[in-house]
Amino acid sequence: MKTRIKEFRARYNLTQEDLARKIGVRRETILFIEKGNYNPSLKLAHDIAKALQTTIDDLFIFED
Amino acid sequence: MKISRASYPFLFAFFLYGAVLSTIGQFSWDLRQKLFLPVIIASVILFIIGIIVAIKDKEFIHMMVDERTQKVDRSAGYCSWWVTVIFVIVAGFLADVLKFTVSQLTFLILSEMFFSIILFHMYFNFKGEF
């Protein structure tokens, strides 16, 4: 699964640390999600999308 | 279980000094005496690395737990438990054949338990999706 988290972070000038602190997770978790090495739960995906003022569909690209 | 990457050097330092040295001491006091100083030096170095990483990660006072770390904790505990069960069976058999004392067997099992939980925690922490 690919994500556009990095692109949205850059839009709002947020570091991984900033985003992690905003949604209450560890920086490594954001790093793993950005790299596609960890699939977040629905709640976490929603929290990330909300923090980046977008939707889950815009943020996460599901590959068949 | 609040373990992060900053905890690993501390845990290895404790493992080296507390578990390895003690276990070796159960089997050979001479070897323990020889290894005492190198183990102390290695433990101190690991301790210092742990402090540096903890300060760098800003986890010296508060360690954050999230869904991924909870998943890592659960998976590491589960795998470590099964490996320990197998180890106890094998060690029990070897203890019978090689005539280990109760304290030798106990220290071996305790060392394995500690070592396996750290290893599996590191594995799942750095692995990513599992």
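**View 1. Chain B from end to end.** From the N terminus on, the elements of chain B follow the order α-α-α-α. The secondary structure of chain B comprises four helices and zero strands; helices (H or I, at least four residues) and strands (E, at least two) are DSSP runs numbered from the N terminus. This is a predicted model, in which local features need pLDDT of at least 70 and side-chain atom pairs count only at pLDDT 80 or more, while totals for chains, interfaces and linings use all residues. Residues are numbered from 1 along each chain as its sequence is written, chains are lettered from A and ligands numbered from 1 in the order in which they are written, and side-chain values use heavy atoms, leaving out hydrogens and water. Taken along the principal axes, the C-alpha atoms of chain B fill a box of roughly 45 × 35 × 20 Å. Of its 130 residues, 33% count as buried (under 20% relative accessible area, with a 1.4 Å probe and protein chains only).

**View 2. Helix 3 and helix 4 of chain B.** The axes of helix 3 (residues 67-98) and helix 4 (residues 102-127) of chain B come within 8 Å and cross at roughly 150°. Axes are lines fitted to C-alpha atoms, for helices over the stretch in contact, and angles run from 0 to 180 degrees between N-to-C directions. The two helices of chain B are therefore roughly antiparallel to each other (an angle over 145 degrees). The residues of this contact divide into 15 nonpolar, eight polar and three charged. Here Ala, Val, Leu, Ile, Met, Phe, Trp, Tyr, Cys and Pro count as nonpolar, Asp, Glu, Lys and Arg as charged, and the others, Gly among them, as polar.

**View 3. The largest nonpolar core.** This core has 19 residues, and those with the most contacts inside it are A:Ile5, A:Ile48, A:Leu52 and A:Leu59. A nonpolar core is a set of buried Ala, Val, Leu, Ile, Met, Phe, Trp, Tyr and Cys residues joined through side-chain atoms within 4.5 Å. Helix 4 of chain A gives the largest share, five residues. Leaving aside residues up to four places away in sequence, A:Ile48 touches A:Ile5, A:Leu19, A:Ile23, A:Ile30, A:Ile33 and A:Leu59 (contact means heavy atoms within 4.5 Å).

**View 4. Helix 3 of chain A.** In this helix (residues 27-35), A:Glu28, A:Thr29, A:Ile30, A:Phe32, A:Ile33 and A:Glu34 are buried. Helix 3 of chain A is followed by A:Gly36, which has a positive phi, near 80°.

Conventions. Parallel < 35°, antiparallel > 145°, perpendicular 65-115°, else oblique. Buried < 20%, exposed > 50% of the residue type's maximum accessible area, 1.4 Å probe, protein only.
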